[in-house]
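Hi everyone, thanks for coming.

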Amino acid sequence: MGSTDRDDSSGSFLRGVRVIEIADELGEYCGKVLAGLGADVVKIEPIGGESTRRYGPFLGDEPDPDCSLYFWHYNFGKRSVVLDLEDAAGRAAFEKLLVTADVLLDTRPLSCLADLGLGYERLSELNPGLIYARVSPFGDSGPWANFQANDLVHLALGGMVMNCGYDANLMGEYDTPPVAPQMWHAYHVAGEMTAIHIVAALSYRLVSGVGQQLSTSVHEAVSANTEQDTPDWIYTRQPHVRRTCGQSAAQTVGSPLVAARRAATEPTIMRTKDGRWLLPYTSYIKVQGTVKAGQGDAVDRLVAIVKDSGADDDYIAGILGDYTDPARRERPEFVSALNILLERFIARTQSGDAVWLKAQELGLAWAPILRPDENVANDHWEAREAFIEVDHRGLGTFTEVGAKWVAPGLPWRTGPAAPRVGEHTAEVLADLADGGAQPGPGPYLPERRRQARTSALGKPFALTGVRVIDISWALASAGAGRYLAALGAEVIKVEHESKIDGMRRGYGRAPEGGRAERDRATAPIAVPFPEGLNRSGAFMEINAGKLGISLDLKSDEGKDVLRRLLGDADIVIEGFSPGTFERMGFGYEVLKQIKKDIVYVQQSGMGERGVYGRLRTFGPSAQALSGLSDMSGLAEPYGPAGIGYSYLDWFGAYQMALAMMAGLYRRERTGEGCWIDSAQVQAGIYLTGTATLDYSANGRRWQRRGNRAGGRPAAPHGIYRGLGHERWIAVAAHTEHHWKALVEVVGDPAWAFDERLVDLQRRDANRSYLDGLMSDAVSKRDVFELMRQLQERGVPAGVCQTAEDRCEHDPQLKHLGWMTELTQSEIGTWPVKGVPTKMSATPPYIGGLHDRHGPSYGEDTAYVLSTIAGISAAEQGTLRDRGVI
């Protein structure tokens with residue numbers, strides 16, 4: 001890239017930013033995201049290429065470093081430079097390249113660059129404005145800093161797998177292991193977190209000229225990603241049980257047997273006549289009330305769908321009884337009967353009947369469990385450029401995952417294909433003569449951005465002076481604002497009792513006796529819990545550090561107040577159904593008239609643009625539509641296990657936060673605002689990885705494989721039951737060293753001489769036999785002691801940790817300070833998950849500017865309206881009398 005291009009910041013979010021990447025699977029997703037945003041990502045590879053070029057699948061199943069579909073996907077849009085950093089000439093070229101860089105993304109062991117004389121002191125001397133971002137398995141210090149891991153081990157230790165898998169049997173026992181979602185998700189989570197904070201560091205550099213170090217622990221990032229299990233444990237000591245393709249559920253009362261039998265009567269997925277699967281979201285059936293006027297409650301709508309297929313009242317009443325009786329609908333046995341009706345109905349339909357669309361028309365969030373390849377030809381995703389055709393220069397043109405979101409005038413990167421080994425070495429090194437100085441202070445920074453504010457950590461915030469109007473709901477959109485609040489932005493959450501955030505009545509509710517009652521408890525605290533809008537720990541965690549105001553946006557007066565707030569805002573985010581905000585009088589064209597450079601980010605299930613914008617989704621249904629649910633589970637004939645919590649709610653929040661940061665950074669360089677249309681399901685499609693490429697290049701549809709290794713060979717590679725109730729451990733042996741150490745610790749010495757196990761190829765061919773040996777050997781072992789022994793010998797191994805394990809006992813998370821104690825005005829002081837990316841100059845602080853937990857309903861209305869909107873106390877009194885605030 002020449003200097004002319006480098007100085008031109010128009011056309012994409014990060015155009016003009018140069019990223020130097022020295023990374024394997026720990027960081028390649030992050031680099032892919034930055035390249036997609038428009039950065040020039042230069043991948044430094046050793047002679048022969050990065051190790052990930054040897055990860056499958058391969059084009060035509062022929063191993064070739066230039067034909068790895070894994071590498072193609074995760075390195076799309078990058079340039080490749082081969083340098084031997086052990087050689088003086090290679091190091092000299094690397095140093096020259098670093099002088100032109102904005103970001104160095106590094107996943108090598110901590111001492112790798114330092115031992116070459118390229119530690120951070122030397123790097124910052126060469127380039128004082130450099131953002132040096134490290135991604136490491138467990139962080140660079142602490143008791144587990146030298147532990148070995150892969151994706152499976154991270155998902156186990158981080159708690160994800162203990163939320164994922166199949167229902168227990170009717171005795172409350174699991175006859176199948178927890179199942180890790182396939183496709184490098186530990187590195188997706190860590191990569192998204194790192195990308196958000198790299199852009200935040202770039203934004204801070206526009207203000208200060210200061211570069212800094214960033215560090216992301218994959219273990220902490222994954223541990224912070226689970227959903228209901230953590231607040232349920234923190235607030236009420238409630239453990240969780242796994243559910244097939246549904247959200248893991250709190251074992252609120254009774255034994256695992258009670259929980260298992262309840263789950264068995266409320267199935268989360270149902271099978272069609274032609275062997276496909278449908279998610280009718282029956283967990284939300286329980287007489288929800290009217291969603292659309294005149295359609296009746298959820299039960300009426302479900303009955304209407306069955307009747308539409310030809311069933312008569314006698315058939316339905318024979319299963320449900322008198323379903324018009326409100327008292328009967330309140331009984332638990334009615335829900336069971338309703339599920340029986342649905343199972344029989346769905347078993348008589350075919351996937352092509354699209355009954356889920358009929359349910360959606362009636363306001364119910366049904367979804368088919370699609371294979372990832374089934375989205376490629378969908379008109380909706382074509383309109384959103386979710387897939388693109390990529391020319392691989394003589395090898396063919398293949399379909400790959402494309403855009404993460406839609407942003408008019410700011411397209412996602414559409415090329416070039418992933419580079420061949422060293423393809424751009426000469427080009428990039430010749431380009432160094434152009435210098436490529438970093439951009440100076442942002443020319444479009446408002447004055448309040450230049451006023452430093454110090455956090456409770458004693459260091460400046462990265463986003464001081466940034467104001468966000470947050471009109472969002474639940475986790476998928478409201479979760480985004482917490483990351484900007486932690487970076488020092490003033491995030492103002494707008495809601496009203498007529499349109500309350502449902503999470504205020506959600507899980508993790510503080511008990512009557514508060515923290516003291518929880519600390520005294522030695523067993524799950526029984527429900528019911530106190531009513532009220534300010535007692536959900538999950539809501540408070542999602543909205544930590546924000547201000548909260550009550551404002552009725554259905555009224556003209558409320559809309560006028562919002563306009564006044566928007567007039568001094570930098571970003572507005574909303575999570576309404578597509579078209580709603582525009583119908584309220586606040587579409588992007590109107591927002592630009594209020595504030596010409598506003599960054600507007602909206603998020604819904606399917607997005608604004610496209611043919612399916614009005615479809616309703618929740619985390620599990622979004623995962624079903626994206627293809628992610630089908631990609632997780634044991635091999636057929638087992639059905640999909642899915643992801644056992646609203647994974648795409650978290651990823652929707654990450655994606656929205658990244659969009660906010662990218663839009664803000666571009667505005668501070670160009671003075672231009674933007675509109676970003678984000679879709680929760682599209683965020684999931686972006687994570688399906690090589691499944692689309694494998695189908696396009698090799699004609700092979702995704703096949704579930706349980707916990708067995710995918711693109712990076714390993715055997716054994718699985719999750720095995722140990723001593724004790726629900727104690728499991730993930731173990732992976734990628735090398736002969738791993739195997740020999742594993743035999744020494746776990747196995748019979750005879751394993752080392754077994755012809756079926758003498759090398760990795762034969763171990764992989766005899767996986768079922770090897771898994772049997774491992775299962776028998778591990779069943780006699782304490783899993784924590786086994787993990788210690790294996791890790792001491794360098795074998796990737798990790799206990800499948802529960803929320804209790806992570807919150808109470810994990811020494812590495814404690815060392816990293818993953819929880820922060822924050823005070824909430826009604827429920828008191830509680831631990832809150834922080835931000836897994838650490839920043840040396842501007843460390844995120846989850847309490848935000850005001851050093852507190854989430855806001856009580858309307859807690860900051862008077863403050864915000866007085867100090868920001870300039871509304872007098874008398875006028876506020878009038879608005880309050882009219883119910884506007």
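Let's start at Arg237, which sits in the loop between α10 (229-236) and β7 (240-241). Helices here are DSSP runs of H or I with at least four residues, strands are runs of E with at least two, and both are numbered from the N terminus. Arg237 has a positive phi of about 55 degrees, although it is not a glycine. Most residues other than glycine have a negative phi, and most peptide bonds are trans.

This is a predicted model, so a local feature needs a pLDDT of at least 70 and side-chain atom pairs count only at pLDDT 80 or more, while totals for chains, interfaces and linings use all residues. Residues are numbered from 1 along each chain as its sequence is written, and side-chain values use heavy atoms, with hydrogens and water left out.

On to the peptide bonds. Gly56 and Pro57 are joined by a cis one, with omega about 0 degrees, and Pro57 belongs to the loop between β2 (40-45) and α3 (69-74). Another cis bond runs from Glu636 to Pro637, with omega near 20 degrees. Pro637 is in the loop between α25 (619-626) and α26 (647-670).

How confident is the predictor? The pLDDT, its confidence in each residue from 0 to 100, averages 92 over the protein chain, and 94% of the residues score at least 70. Over residues 1-10, though, the pLDDT is below 50, and this stretch has 27 contacts (heavy atoms within 4.5 Å) beyond near neighbours in sequence. Residues 283-295 also have a pLDDT below 50, with 29 such contacts in the model.

Now for helix packing. Two packed helices are described by the angle between their axes and the distance between the axes. Axes are lines fitted to C-alpha atoms, for helices over the stretch in contact, and angles run from 0 to 180 degrees between N-to-C directions.

Take helix α12 (residues 298-308) and helix α15 (residues 332-347): their axes come within 11 Å and cross at roughly 25 degrees. That makes α12 roughly parallel to α15; angles under 35 degrees count as roughly parallel, over 145 as roughly antiparallel, 65 to 115 as roughly perpendicular and the rest as oblique. Val299, Leu302, Ile305 and Val306 in α12 meet Phe334, Leu338, Leu341, Leu342 and Phe345 in α15. What classes do these contact residues fall into? Nine are nonpolar, with no polar and no charged ones. Here Ala, Val, Leu, Ile, Met, Phe, Trp, Tyr, Cys and Pro count as nonpolar, Asp, Glu, Lys and Arg as charged, and the others, Gly among them, as polar.

Helix α13 (residues 313-320) also packs on α15, with axes within 8 Å and a crossing of roughly 135 degrees. That makes α13 oblique to α15. On the α13 side we have Tyr315, Ile316, Ile319 and Leu320, facing α15 residues that include Phe334, Leu338 and Arg344. By class, this contact has nine nonpolar, no polar and one charged.

Last, the aromatics: the whole structure holds 30 aromatic pairs. One of them, Tyr29 with Tyr686, is edge-to-face at 6.1 Å centre to centre and 70 degrees between the planes. Tyr29 lies in helix α2 (residues 28-36) and Tyr686 in the loop between α27 (680-685) and α28 (690-698), so the pair ties together parts 657 residues apart in sequence. For the cut-offs, rings of Phe, Tyr and Trp (its six-membered ring) pair if their centres lie within 6.5 Å; planes under 30 degrees apart count as stacked, over 60 as edge-to-face and the rest as tilted.

How values were computed:
pLDDT is the predictor's confidence in each residue, from 0 to 100.
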